[in-house]
Every structure is written in structure tokens, then in C-alpha cells.
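Please look over the sequence and the model shown here before reading on.

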Amino acid sequence: MDIRIIAVGRVKEPYIKQGINIYQKSLRAYASVEIVEVIDERAPDNLSLAQIQMVKAKEGQRIEKLIRPYSFVIALAIDGQTLSSPALAKK
């Protein structure tokens, strides 16, 4: 199985990078894992709802270009549904 993680922005914090590396090493026994980072849209702090939607649309277009045909896509979002590891594995 191939897992391709497409993420908006770059991880800068060393402790998060370290955690990602540990998790990737654990997964290698079961799947190949690739992490692709797309550039996040630069925007000021105080955005209107319309501006927020525009930023998300631009970032979404960047993500869509990287999704391979016939891929099974799972979107992860801060306000999304929380799944346990077994529940995510079932999906």
C-alpha cells in the first residue's frame, strides 16, 4: 500500500518533525509513506469570511493537482471527526 500525505505548509518545530519521523518508521513495515508539502497561501491575520474561502480555494487547488488518479482520499481537518487508529485503518 502507498500512503501519500499532502499537507499545507511546512513543519518547522523540531519536536513535531521528530514525531513524524518516528511515525513514518513505524508505518514502513506496512506501507510506503510519502509526505508532500504545498505552499500555504499568505494572508493577513484579520480576514473576512470571503477572503478565508478564497485562501482555502487556492490551497485546495494546489492539493488537487497532487492527488493521483484512483486515489482514496481522506481529508483531515482540525474540526473534523476524530477516529481511533483501528477506525482509521478500517477506512
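## Residue A7

A7 is partly exposed because its relative accessible area is 26%, a value between the limits for buried (under 20% relative accessible area) and exposed (over 50%), with a 1.4 Å probe and protein chains only. The model is predicted: local features need pLDDT of at least 70, side-chain atom pairs count only at pLDDT 80 or more, and totals for chains, interfaces and linings use all residues. Residues are numbered from 1 along each chain as its sequence is written, and side-chain values use heavy atoms, with hydrogens and water left out.

A7 belongs to strand 1 (residues 2-8); strands (E, at least two residues) and helices (H or I, at least four) are DSSP runs, numbered from the N terminus. Beyond its neighbours within four places in sequence, A7 is in contact (heavy atoms within 4.5 Å) with V36, E37 and V38.

## Strand pairing and crossover

Strand 1 pairs with strand 2 (residues 32-38) in the parallel sense, over seven bridges; pairing requires that DSSP find at least two bridges between two strands. R4 has E34 in strand 2 as its bridge partner. From strand 1 the chain passes through helix 1 (residues 14-27) to strand 2, a right-handed β-α-β crossover: with the strands pointing away from the viewer, the path from the first strand over the helix to the second runs clockwise.

## Residue Q24

Q24 lies in helix 1. Q24 counts as buried because its relative accessibility is 14%. Leaving out residues up to four places away in sequence, Q24 touches V33 and I35.
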